[in-house]
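Here are my notes on this one, jotted down as numbered points. Have the structure open while you read.

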Amino acid sequence: MLLKKNIPIGYIFGKIKYQVLFVTVYGVAIEVIYQNYHITNITIPITVTSVLGTIISLLLAFRSNQAYDRWWEARIVWGAIVNDSRTFARQVISLMDDSFQPLALDAFKQRMINRQIAWCYALGKGLRKEDPMSIVRKHLSEEDFEYIKEFDTKHVGLMQLHARDLNNALKQGWINAYQQVEIDRTVTRLCDAMGKCERIKNTVFPATYSLYIHLALNFFVLLLPFALVDLFGFLMVPVLVVTTSFFFLIEKMAIHLQDPFENKPTDTPMLTISSNIERDLKQMTKDHYEPSPQHAGKFYVL
Amino acid sequence: MLLKKNIPIGYIFGKIKYQVLFVTVYGVAIEVIYQNYHITNITIPITVTSVLGTIISLLLAFRSNQAYDRWWEARIVWGAIVNDSRTFARQVISLMDDSFQPLALDAFKQRMINRQIAWCYALGKGLRKEDPMSIVRKHLSEEDFEYIKEFDTKHVGLMQLHARDLNNALKQGWINAYQQVEIDRTVTRLCDAMGKCERIKNTVFPATYSLYIHLALNFFVLLLPFALVDLFGFLMVPVLVVTTSFFFLIEKMAIHLQDPFENKPTDTPMLTISSNIERDLKQMTKDHYEPSPQHAGKFYVL
Amino acid sequence: MLLKKNIPIGYIFGKIKYQVLFVTVYGVAIEVIYQNYHITNITIPITVTSVLGTIISLLLAFRSNQAYDRWWEARIVWGAIVNDSRTFARQVISLMDDSFQPLALDAFKQRMINRQIAWCYALGKGLRKEDPMSIVRKHLSEEDFEYIKEFDTKHVGLMQLHARDLNNALKQGWINAYQQVEIDRTVTRLCDAMGKCERIKNTVFPATYSLYIHLALNFFVLLLPFALVDLFGFLMVPVLVVTTSFFFLIEKMAIHLQDPFENKPTDTPMLTISSNIERDLKQMTKDHYEPSPQHAGKFYVL
Amino acid sequence: MLLKKNIPIGYIFGKIKYQVLFVTVYGVAIEVIYQNYHITNITIPITVTSVLGTIISLLLAFRSNQAYDRWWEARIVWGAIVNDSRTFARQVISLMDDSFQPLALDAFKQRMINRQIAWCYALGKGLRKEDPMSIVRKHLSEEDFEYIKEFDTKHVGLMQLHARDLNNALKQGWINAYQQVEIDRTVTRLCDAMGKCERIKNTVFPATYSLYIHLALNFFVLLLPFALVDLFGFLMVPVLVVTTSFFFLIEKMAIHLQDPFENKPTDTPMLTISSNIERDLKQMTKDHYEPSPQHAGKFYVL
Amino acid sequence: MLLKKNIPIGYIFGKIKYQVLFVTVYGVAIEVIYQNYHITNITIPITVTSVLGTIISLLLAFRSNQAYDRWWEARIVWGAIVNDSRTFARQVISLMDDSFQPLALDAFKQRMINRQIAWCYALGKGLRKEDPMSIVRKHLSEEDFEYIKEFDTKHVGLMQLHARDLNNALKQGWINAYQQVEIDRTVTRLCDAMGKCERIKNTVFPATYSLYIHLALNFFVLLLPFALVDLFGFLMVPVLVVTTSFFFLIEKMAIHLQDPFENKPTDTPMLTISSNIERDLKQMTKDHYEPSPQHAGKFYVL
C-alpha cells in the first residue's frame with residue numbers, strides 16, 4: 001500500500017518513462033515536419049480526437065472503477081481475516097475448558113493461536129509466490145513445521161492442522177460438539193477468505209477488455225499530435241506529453257490496482273496486517289510480542 | 001478464461017473480420033464517390049456524429065459494466081464452490097466419527113469426497129451442455145454411477161446421493177442430528193451455487209437492450225464516413241476502420257463476458273477449477289492425485 | 001423473458017410507432033417550411049442540442065442501469081426461490097423420519113412438496129394479478145384447496161399450511177424441535193423471497209424521475225429538427241427519426257425492465273421457472289412429471 | 001410514494017416556481033439589454049457553458065444515483081420489516097405450545113402479534129416525528145399502553161415489551177431456550193431494521209456535496225443566457241427556462257429521494273405498508289381486520 | 001457530520017483560499033499580459049481544455065462516488081454498532097437468569113452494559129487518535145479501568161473483558177453453553193464492526209489515483225486562462241475563479257469524505273452516536289441518564 005507522503009517522482013513517472021520518451025520524440029518529429037516542410041494538410045480537427053478521447057476516458061473511468069473494486073475487495077477480505085483471526089483466538093481462549101489438565105490445555109491453546117499467526121504470514125507470502133517457511137518457522141511447533149513441509153500451499157496444510165486439533169479437542173472433552181461446530185464456522189470463514197484471495201489472484205482481469213482499451217489509447221496518442229500541431233507551435237509538445245502521460249498513468253494505475261497480490265508497492269499490505277494480527281493475538285494470550293522488522297519501503301508498506 | 005499472454009491477433013480480430021471488411025469497402029466507396037464525382041454536399045458536420053458517438057459509448061460503457069458484473073458473479077460463484085467443496089470435505093472428515101467400524105466409515109468418507117469431486121466436473125460440463133459421464137465415471141462408485149444415469153442433469157442426481165448418504169450416516173450413528181444439519185447447510189450452499197450458475201446460464205441478457213445498442217451502433221457506423229470524408233482524404237479509411245473496430249470490439253467483448261458458460265475461451269475456467277478442487281480434496285484424504293490433461297488452449301484455460 | 005432469436009420487427013418498433021409517426025410528420029413539416037418559405041433564422045446551432053442530448057443520455061444511462069438492477073434483482077429472487085424450493089424438498093425428504101408409520105409420513109411428505117410446487121405457481125400468477133386457482137388445483141389436496149379459497153393472496157395461505165403442517169410433524173414426532181427450526185428457516189427464506197417480489201411489484205419507480213426525463217426527452221426531440229434542418233436537406237428526416245427512435249427505445253426498454261411482473265414479454269419468466277421447479281421436485285420424489293404446455297410465445301417465455 | 005398517475009402539474013412545478021420566475025425575468029432582462037442597447041460583447045461561446053453543463057450533469061447524475069440508492073435502501077428495509085413481521089407472527093403462532101393453559105397462551109399470542117402491528121405504526125409515525133399514540137392505542141392492551149407512555153421513542157419501548165414477554169414465555173415453559181433464541185433472532189432483525197431507518201433518517205447527505213453542486217448549478221444558470229442570447233432572439237427565453245427547469249427539477253428530485261422519511265408525497269409509504277402488515281397478521285390469527293382510512297392523497301400514498 | 005444549516009462561508013471557502021488566491025493572481029496576470037503586450041498567439045481553442053475538463057470531471061465524479069461509498073460504509077458500520085449494542089444489552093438482560101443470586105447477577109448485567117457504553121466511546125476516541133480514558137472512566141468499574149490501562153487500544157481490552165465475563169457467567173450457571181454462543185455471536189459482530197472501522201481508517205485511498213487526478217486538475221487550471229483569455233476580457237477572471245473553485249471544492253470534498261475518522265467536521269459523528277447508545281442502554285436498564293455536553297460545533301456534530 002502506498003502511503004500518502006513521500007512518493008518519489010521517480011516512482012510515479014518511472015512506470016511510463018518509455019511512453020513519455022516516445023511521445024516526446026514523436027511530437028517533436030511531427031512538429032518539425034509540419035513547420036519545415038509545410039505539410040499542413042496533415043492536421044485534423046480537434047473534434048475528431050475529442051470524441052475518441054471522451055470514449056476512451058469513459059471506458060478508462062469504468063475500468064478504473066472495476067480495478068478499484070477488486071483492490072477494495074482484496075482489502076475487505078484481509079480485514080475479515082483480521083476479524084476472524086481475533087474471533088478464532090477469542091473462541092479458543094474462552095470456549096475451551098478443562099478443570100483436570102489445565103496445563104495441557106493452555107499449551108494446546110497457545111499452539112492453536114500461534115498457528116493462526118503463522119497461517120496469516122503463510123497466506124500473505126504464498127499469494128506473492130514467495131517462500132513462507134522462514135517467517136512461519138518461529139510460530140510453529142517442530143511437529144507442525146514438519147507436517148506442512150510436504151504441502152504445496154502451506155496455508156492449506158495449516159488449516160488441516162486446525163481441523164485435526166479441533167477434532168482432538170472434542171475427543172479430549174475440552175469442547176462439546178456444539179462448540180466444535182461454532183469454532184468450525186470461524187475456520188470456515190477463514191477458509192472462505194483464503195479462497196477469495198486465491199480467486200482474485202488467479203482470475204485474470206478480462207484480457208480483451210484491457211487490450212482493446214490499450215490499443216485504442218495508443219491509436220489516440222498517435223492521432224493527437226495531428227490535432228494539436230497547428231494550435232500551439234512547439235508548445236504543443238509539452239501539452240501533448242502532459243495530456244498523454246495523464247492517460248497512460250490512469251491506465252497503469254488501473255493495472256496495478258486490479259492485481260493486489262503481486263509484491264508491488266501498490267499491494268494489499270499483507271505482511272503489515274499479519275504483524276498487527278500477531279501483535280493482537282500475542283496480547284490476548286499475554287505472550288511476549290517482539291515487533292518484527294518493518295515490511296515497508298520509504299513510501300509504501302507491504 | 002483468457003490468459004494475459006499469447007492472445008493471437010487472429011483471435012482478437014477474427015471475431016469482427018466481416019464488419020472490418022464491410023467498413024473498409026464502404027469507406028473506400030464513399031471516398032471514391034466523393035473524390036471523383038464531387039458530390040461534396042453529402043458531408044455532415046462531425047458534431048452530429050460526435051453526439052451520437054458519446055451516447056452510444058455511454059450506453060456501451062454501462063453495458064460492459066453489467067456484462068462484467070455477470071462475469072465476475074459467475075467467478076465468485078465458482079470461488080464459493082471451491083470454498084464449500086473444501087469445507088464439505090473438512091466436515092465429512094472431522095465431524096463424522098465411529099469407534100466401532102472405522103473401516104466402513106473411512107470408505108464412506110472416501111466415497112462422499114470423491115462424489116463431491118465428480119459433482120464439480122458434472123456441473124462444469126453440464127453448464128456447457130457437454131456430456132459429463134466420461135469424466136465423472138472415474139470418481140464414482142459403480143452403484144452411484146448407475147444411479148445418476150437416469151437423471152437429466154447429473155449434478156442434481158449427485159446432490160440427491162449426498163443427501164441420502166447423510167441420512168444414512170445419521171442412522172448409522174456416525175453423526176448426530178446437530179452435525180447432520182451443519183453438513184446439510186454446506187450442501188445447501190453448494191445447491192445455491194448450482195442454482196446461481198443455472199440462473200446466469202438461463203437468463204438472457206435483456207434482448208432489447210443489446211439489440212437497440214447494436215442497431216444504433218450500426219447506424220453510427222453508416223453515418224461516420226460522411227463526417228470524416230472531407231477531413232482526411234483516403235487516410236480517412238484507416239481512421240474509420242480503427243475507430244469502428246474499437247466500438248465493435250467493445251460490443252463483442254460485452255457479449256462474451258455476459259455469458260460465461262458457453263464453452264468459449266472467455267468462459268469461467270470451470271474444468272481447471274474442478275481440477276484444483278480434485279487436487280485439494282485428494283490431498284486432504286491423502287489420496288493419490290494424478291493430474292488430468294490440461295483443459296487449456298495456448299492462450300486460455302477452460 | 002425475451003429470447004435471443006426471432007424478436008419480430010413489429011414487436012420492437014410497435015411500442016414507439018406513434019412517436020415515430022409524429023417525429024416523421026414533424027420533421028417533414030419543419031423541412032418544408034424551412035425550404036419553401038426561407039425562414040432560415042429558425043436554425044439553432046447543433047451544440048445547444050448536443051449539450052441537452054448529452055445530459056439526457058447520461059440520465060437515461062443511469063436510469064437504464066437502475067431499471068436493469070430491479071430486473072436482475074427480480075431474477076435473483078426467483079433464482080433463490082428455485083434453490084430454496086429444492087432445499088425445502090430435500091429437507092422434508094431427509095430430515096423427517098418415522099419407523100412406525102412410514103406410509104402416513106410418505107403421504108405427508110408428498111403433500112408438502114406438492115404444495116411447494118403449487119406455491120410457486122400461485123406466487124407467479126398472483127404477482128401478475130391473474131387467478132392461480134386453475135393451475136394450483138392439480139397440485140393440492142382437496143382439503144388444502146378448500147382452505148386457501150378464502151384467502152385474498154393464495155400464496156400466503158399456502159405458507160400458512162406449511163407452517164401448520166410443520167407444527168403437526170413436530171407433534172407427531174416426525175421431526176424434533178431442532179429440525180423444525182431448521183426447516184422453518186427455509187420457510188422464512190421463501191417468505192422473504194415472496195416479500196421481495198411484492199416489494200418490487202408494489203414500489204413505483206420514482207415517478208418524478210421518470211417524468212422529468214420523459215419531459216426533457218420530448219423537449220429535446222422538439223428542438224432537434226431546428227438543429228439539423230440546414231445540414232442535410234430532406235435527408236434530415238431519416239437521421240432525425242433514427243436518432244430519436246433510439247432515445248425512445250432506450251426509454252421504453254428501461255420502463256419495461258423496471259417492472260418485471262406485469263405479464264409482458266419482458267417479464268421474469270415465472271411460469272417457466274415454476275415448471276422447472278415442478279420437474280425437479282417431482283424427480284426428487286420419483287413422482288410422475290407431465291410437462292405442462294409451454295408458457296411461451298414465439299420469441300419469449302413467461 | 002408517488003403513484004404513476006394523476007400527478008398534478010402544480011405539484012411538479014410548484015417546487016421550482018420561484019426559480020422559474022427568476023430565470024424568466026432574468027432572461028428577458030438580458031435579452032432586452034442585448035437587443036436595445038446593442039451591448040453585444042457580453043455574449044460568450046456556447047462551448048464554455050456546455051463544458052460546465054456537462055460537468056454539472058455528470059455530478060448531478062451520480063448524485064441522483066446515490067439519492068436513489070438511499071430511497072431504495074429505505075424501501076428494502078421496510079420490505080424486510082414486512083417479512084420479519086410475518087415471520088415473527090408465524091413463529092409466535094407455531095413455535096409456542098402449551099397443552100395445559102391453551103387459553104392463556106392464545107391471549108398471549110394475540111397480544112404479541114397486536115403489539116407487533118402497533119410497533120410498525122409507531123416506527124412509521126416516529127420516523128416522521130408525529131405522535132403515534134392515537135394510532136397505536138387500539139392495538140395495545142391497557143397495560144402495554146401505560147408502559148410505553150414514558151418512553152421517548154415508543155417503538156423502542158414496544159421492543160422492550162417483546163423481549164420481556166419472550167422471557168416470560170420461557171419461564172412459563174411455552175417455549176424452550178432454543179426456540180427463545182430463534183424468536184430473539186427475529187426480534188434482532190426487526191431492531192436492525194429500526195436502526196437502519198434511524199440511520200437513514202439521521203444521516204445528513206454530505207452537505208458540502210449538495211452545496212457545491214447547488215452553487216455550481218446557480219452559477220451555470222447565471223451564465224447560460226449570455227451563451228444563448230444571440231442564437232434565438234426572444235425565443236431564447238423559453239429555451240432557457242425549459243433547460244434550467246430540467247436541471248432544477250433533477251436537483252429537487254434528488255433532494256426528495258435522499259430523505260425518504262419526511263412526511264412528503266415522495267416518502268416511503270410507511271403507513272400503507274403498516275396497514276398491509278396489519279391485514280396480513282390479522283388474517284393469520286383469524287382476527288377481524290377493519291381497513292383503516294387510506295393513508296393516501298390523490299396522487300400519492302403515505 | 002455537517003448539519004444542513006449554518007455552514008459558514010468561511011468554512012466552505014477557507015479550505016481552498018490559497019488556490020483561489022493563486023488562480024486570481026494568475027488569471028489577472030495573463031489577462032494583463034494579453035491586453036497590454038498584445039501577445040495574442042498564446043490563446044488556445046476552448047475545445048482543447050473542454051476535452052481535458054470532461055475527462056477530469058469524469059474521473060472526479062467516479063472518485064467522489066468511491067469516497068462517498070467509504071463515507072457511507074463508515075456510517076453503516078456505526079449504525080450496526082448501534083444495533084448490536086442494543087442487541088447485546090437486550091440479550092444480557094433477557095437471556096441471563098439466576099433465581100439464587102439475583103443481586104449479584106443484576107450488578108453483573110449493569111457492569112456489562114456500562115462497559116458496552118464505554119466501548120463505544122473508546123472506539124470513537126481511539127479511531128480519532130484521542131485519549132478515551134477520561135470519557136471512559138465514568139462508565140467502568142475501578143477494576144475494569146485498571147485492567148485496560150496497559151492496553152494500547154482500549155476498545156480491544158474492553159472486548160477482552162466482555163469475553164472473560166461471558167465465560168464467568170457460564171461457569172456461574174447464569175447462561176448455558178447455547179446462550180453463551182449466542183451472545184458470543186453478538187460480540188463477534190461488534191468485533192467485526194471494530195475491524196471494519198480500522199480497515200477504513202488504515203487504508204489509504206489509492207495514492208496514485210488521488211495524485212494523478214490532482215496533477216491533471218492543476219495542469220487543467222494552468223491551461224484554462226489561455227482558453228478564456230480572448231472571450232471575456234477582464235470578466236474572464238471571475239469566470240475562471242468560479243469554475244476552478246468548483247473543481248477544487250469537489251476534489252476537497254472527496255478527500256474529506258474518504259477519511260471519515262479524522263476529527264474533522266465531516267467525520268462520522270461517533271461521539272453523538274455513542275451518546276445515543278448511552279441514552280438507549282441506560283433507558284433499558286432504568287438507569288439514570290445524564291446527557292453529556294454536546295459533541296457539536298455550530299454547524300456540525302462530532
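1. Let's start with a local pair: Arg279(E) and Asp280(E) make a salt bridge, with their closest N and O atoms 3.1 Å apart. The rule here asks for a side-chain nitrogen of Lys or Arg within 4 Å of a carboxyl oxygen of Asp or Glu. Arg279(E) is partly exposed at 31% relative accessible area, while Asp280(E) is buried at 6%. For the cut-offs, buried means under 20% relative accessible area, exposed means over 50%, and partly exposed lies in between (1.4 Å probe, protein chains only).

2. Some housekeeping before going on. This is a predicted model, so local features need pLDDT of at least 70 and side-chain atom pairs count only at pLDDT 80 or more, whereas totals for chains, interfaces and linings use all residues. Residues are numbered from 1 along each chain as its sequence is written, chains are lettered from A and ligands numbered from 1 in the order in which they are written, and side-chain values use heavy atoms, with hydrogens and water left out.

3. Next, helix H11 of chain E, residues 270–284. Helices here are DSSP runs (H or I, at least four residues), numbered from the N terminus. H11(E) reaches 21 Å from first C-alpha to last, close to the 21 Å expected at 1.5 Å a residue; that expectation is 1.5 Å times one less than the number of residues.

4. How many residues of H11(E) are buried? Twelve of the 15, so the helix is mostly covered. Among them are Met270(E), Leu271(E), Ile273(E), Ile277(E), Leu281(E) and Met284(E), but also Glu278(E) and Lys282(E). The cover includes helix H7 (154–172) of chain D, plus H3 (46–95) and H4 (102–127) of chain E; contact means heavy atoms within 4.5 Å.

5. Two longer-range pairs deserve a look. Arg115(E) and Asp165(E) form a salt bridge at 2.7 Å between the closest N and O atoms. This pair joins helix H4 to helix H7 of chain E, 50 residues apart. Arg115(E) is buried at 1%, and Asp165(E) is buried at 2%. In chain D, Glu262(D) and Lys201(D) also meet in a salt bridge, 3.3 Å from N to O. That one links the loop between H10 and H11 with helix H8, 61 residues apart. Glu262(D) is partly exposed at 31%, but Lys201(D) is buried at 18%.

6. Zooming out, the count over all chains is 80 salt bridges. One network of them links Glu182 and Arg185 of chains A, B, C, D and E.

7. Finally, the interface of chains D and C. Each chain puts 54 residues into the contact. About 4,900 Å² is buried, with carbon and sulfur atoms giving 68%; buried area is the accessible area (1.4 Å probe) that two parts lose on being put together, summed over both. Arg90(D), Tyr178(D) and Phe246(D) supply 13% of what chain D buries there, more than any other three residues.

8. Which residue of chain C forms a salt bridge with Arg90(D)? Asp184(C) does, with the closest N and O atoms 3.2 Å apart.

Methods:
Helix = DSSP H or I, 4+ residues; strand = E, 2+ residues; numbered from the N terminus.
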